[in-house]
Amino acid sequence: MAYFDKSLIEKYQVSCPRYTSYPTANHFHENFSENDYIRIARRTNQDSNPSPLSLYFHIPFCRHICFYCACNKIVTNNHKKTFPYLSAIHREIGLKAKLFEKDRQVDQLHWGGGTPTYIDHIQMRELMKCTKKHFQLRTDDKGDYSLEIDPREAGEGTIALLRGLGFNRLSLGVQDFNPTVQKAINRIQTVEETHDLVKEAESEGYHSINIDLIYGLPNQTIESFKDTLNIIKEMDPDRIAVYNYAHLPGFFKSQRMIREDDLPGFEEKMDILRFTINYLTNHGYIYIGMDHFAKPDDELSIAQNNNTLHRNFQGYSTHVDCDIIGMGVSAISCVGNCYAQNTCKLDDYVRNISIGKIPVVRGVELNMDDLLRRDVISKLMCHYYVNYSEINATHGIEFCEYFQVEIMSLAKMERDGLVAIGADEIRVTSRGRLLIRNICMIFDKYLCPMNTNGRFSRAI
């Protein structure tokens with residue numbers, strides 16, 4: 001359970017990475033090339049027990065622009081624009097599949113966006129057919145095969161088709177059901193179309209349904225968001241993600257359409273967050289961390305209890321040991337000891353693929369210190385503690401000597417009740433769970449904890 005203390009949240013209200021990777025993406029560099037990615041990817045096949053694979057496909061198309069959105073997207077009503085892009089993805093699948101042994105099983109697969117359901121049924125079938133041709137997909141329905149759904153863009157038969165293609169998890173974007181809020185963010189979505197999609201997914205036998213919400217949107221109040229939560233509760237999803245809206249109009253052009261005067265102030269935003277945490281935990285959801293809630297019998301909750309939870313670019317995951325292969329414009333791979341990102345420019349992506357070039361334009365090869373700090377940060381983010389002996393055994397260090405400066409820096413947080421520093425572990429308290437990003441920053445050698453230059457969203 002996360003303990004809500006407004007004064008502590010205000011005290012630690014600085015810009016923080018979300019740590020879906022370490023080092024974070026702003027530390028990827030252009031000196032990391034396609035050849036580096038190829039070398040490291042092939043090397044993973046030589047491990048005594050090669051990791052299973054996770055495939056991520058970025059489908060960037062959207063029919064409408066949501067003003068809050070910070071994703072890499074292409075807003076268009078011209079469906080013909082999908083044809084060259086999907087053709088390029090098919091070729092990228094073939095190029096990257098050659099780097100990995102054919103018998104490495106795909107335990108995790110995800111279509112993200114944009115809006116993956118923007119593409120039509122024929123294109124969905126062809127994309128999955130191409131994937132099956134080049135990678136060993138599971139046939140036992142035990143993988144984590146998921147995609148993001150905009151209920152406004154899921155036509156008749158779409159949910160049944162996707163289930164037949166092997167998908168067993170859905171994540172539905174909702175954000176807020178209040179009409180005034182929806183108008184302010186340019187996302188008009190009815191309760192009925194969302195409810196009907198959830199029921200259809202349940203009838204088709206999907207294993208898990210997640211619903212995404214956002215707090216801190218324009219014109220939101222506790223009362224209006226309570227109405228949304230009441231509606232979501234009746235839909236009874238397995239997971240709920242409640243994200244903090246980060247207003248960064250200097251970085252994301254669409255956010256300039258949102259009137260800053262309409263955004264809730266700090267006090268009201270914190271009241272919405274506190275109410276949401278209490279509401280969801282009182283209705284049986286477990287606070288996993290970093291905006292995520294799950295039912296007690298959900299795989300995320302079970303993994304957290306078993307200390308097998310993991311965190312990657314798709315958020316929390318139960319697949320800790322996968323090499324992640326990103327496909328599509330701006331997609332990020334996490335293979336072996338590297339991160340590698342495709343070009344973010346659509347024309348460059350298609351052109352590189354057309355000449356048989358893997359479109360990696362930047363990344364980073366992790367050194368031993370990076371791997372060590374990533375392990376520490378991951379354990380804090382997922383399990384709220386780090387055991388010195390475990391880290392020592394894995395990385396061949398003496399924790400208290402190696403992190404002497406970091407432990408001293410944590411003393412202030414210990415005085416504030418955010419962490420407890422013991423003889424063989426650092427444990428995050430209930431007070432510290434909402435500020436876990438701040439705690440992890442102490443172990444990030446790439447930035448000064450209290451000076452992140454506004455590159456990231458606020459901690460809360």
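Partly exposed residues are those with a relative accessible area between the buried limit of under 20% and the exposed limit of over 50%. The legends below describe close-up views of a predicted model.

Figure 1. Most residues other than glycine have a negative phi. N186 lies in the loop that links α6 (179–185) with α7 (191–203). With a relative accessible area of 31%, N186 lies between the limits of 20% and 50% and is therefore partly exposed. N219 is likewise a residue other than glycine with a positive phi, here about 70°. The loop between β8 and α8 holds N219. The relative accessible area of N219 is 31%, so N219 also counts as partly exposed.

**Figure 2. Two cis peptide bonds in loops.** Most peptide bonds are trans. The bond joining Y22 and P23 is cis, with an omega of about -5°. P23 belongs to the loop between α1 (6–11) and α2 (34–44). A cis peptide bond also leads from G113 to G114, where omega is near 5°. G114 is placed in the loop between β4 (105–113) and α4 (121–134).

Figure 3. Strand β8 (residues 208–215) pairs with β9 in the parallel sense, over six bridges. Within this pairing, D212 has A241 of β9 as its bridge partner. R239 stands opposite A294 of β11.

**Figure 4. An open sheet of three strands.** The strand order is β18-β20-β19, and the pairing is antiparallel. At the edges stand β18 (385–387) and β19 (419–421); each has a single partner strand, so one side of each is left without a neighbour in the sheet. Direction ignored, neighbouring strands of this sheet are turned by 10° against each other on average. β19 and strand β20 (residues 425–428) run antiparallel and are joined by three bridges. A420 has R427 in β20 as its bridge partner.

**Figure 5. The second largest pocket and its lining.** The volume of the second largest pocket is about 790 Å³. Its lining consists of 35 residues, and those nearest the centre of the pocket are H310, V320, R374, D375 and S378. By class, the lining of this pocket contains twelve nonpolar, 15 polar and eight charged residues. At least two lining residues come from each of β12 (310–312), β14 (323–327), α12 (368–383) and α13 (388–395). Helix α12 supplies the largest share of the lining, with seven residues.

Notes
Residues are numbered from 1 along each chain as its sequence is written. This is a predicted model: local features need pLDDT of at least 70, side-chain atom pairs count only at pLDDT 80 or more; totals for chains, interfaces and linings use all residues. Side-chain values use heavy atoms; hydrogens and water are left out. On a 1 Å grid over the protein atoms alone, a cavity is a set of points where a 1.4 Å probe fits but cannot get out, and a pocket is an open set with protein on both sides within 12 Å along at least five of seven lines; lining residues have an atom within 4 Å of a point. Grid points are joined across faces, edges and corners, and a volume is the space filled by probe spheres set on the points. Helices (H or I, at least four residues) and strands (E, at least two) are DSSP runs, numbered from the N terminus. Ala, Val, Leu, Ile, Met, Phe, Trp, Tyr, Cys and Pro count as nonpolar, Asp, Glu, Lys and Arg as charged, and the others, Gly among them, as polar. Two strands pair if DSSP finds at least two bridges between them. Axes are lines fitted to C-alpha atoms, for helices over the stretch in contact, and angles run from 0 to 180 degrees between N-to-C directions. Buried means under 20% relative accessible area, exposed over 50%, partly exposed in between (1.4 Å probe, protein chains only).
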